[in-house]
Amino acid sequence: METSGQQFIAGKRRSGTSGERYEVTNPATGEVLATDTLAGPEDVDEAVAAARAVFAEWSRTTPAERSEAMLRWADQLEARAEEFARAESRIGGKPIRLASGFDIPGSIDNVRFFAGAARHLEGRASAEYSGEHTSTIRREPIGVIGSIAPWNYPLQMAAWKVLPAVAAGNTVVLKPSELTPLTSVMFAEAAQEAGIPDGVVNIVTGSGPVAGQALVTHPDIAMVSFTGSTAVGRQVAAQAAGLAKRVHLELGGKAPFVVFDDADLEATARGAVAGALINAGQDCTAATRAYVQRPVYEAFVARVAELMDGVRLGPVDDPATDMGSLISLRQRDKVAAMVENAREAGATIVRGGRIPDGPLGRGAYYEPTLITDAAQDSAIVQQEIFGPVLVCLPFDSDDDALRLANDTPYGLAASAWTSNVFRAGRASREIQAGCVWINDHIPIISEMPHGGYKASGFGKDMSVYSFDEYTNVKHVMSENTGVPHKSWHDTVFTSR
Ligand code: NAD
């Protein structure tokens, strides 16, 4: 793992030029993994110029050429999978089992999916719709894409942002979170090793207000693709709107987890614990609000508490560790403060709600936390916590369950648990979210889209739907009668 130089611009690794030094640390231990200088506006200018310079060449490659290059890219990643997993685990404070079993294989599968999808751009059939013209559809790359990613799944977020753009013939400047740049730079290096031309994938590691801002407002950035919090997404969208710039937003979430009284209780309790604690709860689709039908409520809460007791916190490189640390001490303290406020507002902390004792307490660890007796309109139920915290609340009727599930500003993901096909059908229709799982929560696949409703944003990552974000659709209409006076000319002047 190379730790110096967290910019990758025009195929070269180097430091930023802002003059502002920063450290990338392992949040589980505080160990410094890299020390570097952040990108400033000049680095963004250089990266955008590099992406612009190679756009004509890359956008004119055939789909098959792009596909073959991307398949080699996937092979490069696979050959270095262990190195990627170790780096991803350390920068994110995440257990090695999660990094090597989910983050890295998921990203490699995404590269292979988009290598195939590059050859399947779709449009309407060419035809003589007017009778006198042949209409054809072209799907064209947009230009240089400015992408901004969060820290929670650094490699997967880089993959989701970069792959559909590059597969469609665009070039990209990606700004990862300055907390977690290492694997994004390795990802771009692997593209170079696979023979993808320098400048197609550039990484600028800088702060949001400096490098992020410079990217969003850069005149040569044709589109901004942003994944992060709803608050920052709104600022980015406002700036892009002022410049009439295309924008794609993947924002925060507060996923409901609806348990009907006919669900398999053991499967549901296991799903809730895994869905709430994956990546220490720092997952935009994590199960955060369990609404449980009253007859099974107590049994559900008891079993979830019991399962949470068995979750092992530990060093991230230990394969026995189930849950790692949060991304930073700051994030841990934010989660702790939200739980404390909920306690003061009358909620019951059934499990956790503490920073662990001993050595783990010096890292950004926080105990798996189960909360009951919170009010539906309280902050712990309404706001994104982004930590290992599950709130459980009872409901009586199906109408109540679906109303409560939809009662936050967010709409990214949700799940409904039932053995009744009609309840499952109703939940999947009526829950306002980009993904509704039935009898599961969390799995994603490259072939299917991921994206939000409501304050969770708009547009899709993954799947062929993401090509709608990263391509312009052009209608080419060719007159094919060859006569000088066309029939529609009669609306202006008649033939004489
Ligand atoms: P964040 O909004 O603080 O930062 C996201 C990115 O935006 C970072 O790279 C940051 O440096 C940059 N940024 C900050 N201010 C900026 C500005 N003014 N202009 C341009 N860029 C700026 O989010 P985070 O804390 O890194 O990540 C957590 C959030 O991401 C959560 O809300 C989570 O739900 C969301 N998320 C959403 C998805 C999804 O697919 N919908 C996926 C992962 C994470």
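Colleague: Why is F386 called buried?

Modeller: Buried means under 20% relative accessible area, with exposed over 50% and partly exposed in between, using a 1.4 Å probe and protein chains only. F386 has a relative accessible area of 15%, so F386 is buried. The model is predicted, so local features need pLDDT of at least 70, side-chain atom pairs count only at pLDDT 80 or more, and totals for chains, interfaces and linings use all residues. Residues are numbered from 1 along each chain as its sequence is written, and side-chain values use heavy atoms, with hydrogens and water left out.

Colleague: Where is F386 found, and what is its phi?

Modeller: F386 is in the loop between α12 (379-382) and β15 (389-395); helices (H or I, at least four residues) and strands (E, at least two) are DSSP runs, numbered from the N terminus. Its phi is positive, about 60°, although F386 is not a glycine.

Colleague: What makes N279 buried?

Modeller: N279 has a relative accessible area of 7%, and therefore counts as buried. N279 belongs to the loop between α9 (265-277) and β12. N279 is not a glycine, yet has a positive phi of about 55°.

Colleague: Why does T288 count as buried, and which residues is T288 in contact with, leaving aside its neighbours within four places in sequence?

Modeller: The relative accessibility of T288 is 13%, so T288 counts as buried. T288 is found in strand β12 (residues 287-293). With those neighbours left aside, T288 is in contact (heavy atoms within 4.5 Å) with K254, A255, V389, L390 and V391.

Colleague: How many aromatic pairs does a search of the whole structure find, and why is the pair of F114 and F467 called edge-to-face?

Modeller: The search finds eight aromatic pairs. Rings of Phe, Tyr and Trp (its six-membered ring) pair if their centres lie within 6.5 Å; planes under 30 degrees apart count as stacked, over 60 as edge-to-face and the rest as tilted. The centres of F114 and F467 are 5.9 Å apart and the planes stand at 85°, so this pair is edge-to-face. The pair links distant parts of the chain, since F114 is in helix α4 (residues 96-117) and F467 in helix α15 (residues 467-470), 353 residues apart. Both F114 and F467 are buried. Ring pairs also link F113, F114 and F467 into a cluster.

Colleague: What makes the pair of F257 and F300 tilted?

Modeller: The distance is 6.4 Å centre to centre, with 40° between the planes, and the pair is tilted. Both F257 and F300 are buried.

Colleague: How do you know that the largest cavity lies between domain 1 and domain 2?

Modeller: A cavity is a set of points, on a 1 Å grid over the protein atoms alone, where a 1.4 Å probe fits but cannot get out, and lining residues have an atom within 4 Å of a point. Domain 1 (7-251 + 456-476) and domain 2 (255-438), with bounds from an automatic or database domain assignment, both give residues to the lining of the largest cavity, so the largest cavity lies between them. Among the lining residues are F102, W160 and H450. The largest share of the lining, three residues, comes from helix α5 (residues 154-167).

Colleague: What is the volume of the largest cavity?

Modeller: The largest cavity has a volume of about 90 Å³, where a volume is the space filled by probe spheres set on the points, and grid points are joined across faces, edges and corners.

Terms used:
1 Å grid on protein atoms, 1.4 Å probe; cavity = no way out; pocket = protein on both sides within 12 Å on 5 of 7 lines; lining within 4 Å.
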